[in-house]
Amino acid sequence: MPSLKTILVAGLLTGLSCEAAHAHAVWFAQRARQTALIYGVGADDLDSVKRFNQIEKMAGYDADYQPIAATPRIAGPIVLVDTDQQPTLLSVVFFNGIWSRVDGEFVKGGRDEHPQASLAEKNYKYSVSIQGPLSKPIPALADQVLQIVPVGPIPEQHGANLTYRVLFKGKPVAGAKVINDLVNDPDQAPQTSGADGTVTLPVRNQGLNVIEAVYNGPTDDAKKYDRIENSATLTFTLAHAPE
Amino acid sequence: MTFTVKAAFALALSTLVAAPAIAHGFTKPQHGGIVTTSGETLFELVAKPAGTQLYVIDDDEPVNAVSMTATLSTEIGGGLKTVALKPAAGNRFDGPALKLKPGAKVAVMVIDKASKARLGGTFIVK
């Protein structure tokens, strides 16, 4: 007969394993030649229009990483990004609400609404997209609480390794869970960032690459939620062969 | 000369490798400038002493410059600046004269006034 300790540990592990490390995220991608903000996971390109008001901030940056205006715009069933000049970077801050796990399912609302919840969390999603050639390393962007930056130049060919550094509040953070293809391989086993915040992964695609990091930060309102789950994506594109 | 089936197969393979995967569209400058492509859009930048010209061809068709706005961003006078380009004849947009050194990056964007559709790209001067 298993001991109480065994049952508790097993139960805890089961609970942890049920928790998806990489759930929905936001990222920028091209749709009909325009830059769109995508909300989804894997091949699921979900309803970003319905979530339009959850976009807290969108920004663009020029080649010197000075801010330029970037505005989200609903265009039919998708959300496009308007800029008046070609950006080098785009970024977004997206609030995904407060969720509680009740009877194994996530429901909207915090612990104040669901006192029996086994977990309550606030969710923020961040994204940075590389839209033009980089002249210098990408800095920590003030509004990106969690951010992935490439370390060194981005290779021209897929398959080559690239080191990424995960920043939490602008500082390298250990323990972030990182995958290198949220769109085509969302269930892959994540790598964990080291003490210097880095993780090295092969670049998967000769096309769009969506890297995702997830890191749980401390709560700022313990009565409502136990933690803040932060998701950050970094997107960049490798050019295909000349036509 | 020995020309085996194996050699012929190897030649066929090399031809396949050399052939573009999806060949279509203009990829070469039409006005003596430098080009950059984004998807099916070709941008050509021509730097002349009197001014800079940007030509845009979209899916093999010249755009109608007067129906669009255009900007160009690059290092000007020691700092990164963005200037508006004026629509000119056909698919041409005109801007100020630029001294572009090797390695200079020139980002351009054109915006369709009616649809708000944006087309952008970045030249790297060699």
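A: Happy to! Let us start with a term: a residue counts as buried if 20 or more other C-beta atoms lie within 10 Å of its own C-beta. Please keep in mind that this is a predicted model. By that cut-off, buried residues make up 28% of the 126 residues in chain B.

Now for the layout of the chain. Chain B has 1 helix and 9 strands. Starting from the N terminus, its elements follow the order α-β-β-β-β-β-β-β-β-β. If you take the contacts in chain B between residues at least 6 apart in sequence, 50% of them join residues at least 24 apart.

Next comes the meeting with chain A. Here, 24 residues of chain B are in contact with 15 residues of chain A. On the chain B side, at least two residues each come from strand S5 (68-76), strand S6 (79-87), strand S8 (105-112) and strand S9 (118-124). The largest share belongs to S9(B), with 6 residues. Sorted by class, this side of chain B holds 11 nonpolar, 10 polar and 3 charged residues.

Finally, a brief stop in the partner chain shows the burial cut-off at work. A:Ile138 sits in the loop between strand S10 (119-130) and strand S11 (146-151) of chain A. A:Ile138 counts as buried because it has 20 C-beta neighbours inside 10 Å. Leaving aside residues up to four places away in sequence, A:Ile138 touches A:Leu89, A:Val149 and A:Pro150.

Note on methods:
Residues numbered from 1 in each chain as written. Chains lettered and ligands numbered in written order. Predicted model: local features only at pLDDT ≥ 70, side-chain atom pairs only at ≥ 80, totals over all residues. Helix = DSSP H or I, 4+ residues; strand = E, 2+ residues; numbered from the N terminus. Buried ≥ 20, exposed ≤ 12 C-beta atoms within 10 Å, placed from the backbone. Contact = placed C-beta atoms within 7 Å. Nonpolar A, V, L, I, M, F, W, Y, C, P; charged D, E, K, R; others polar.
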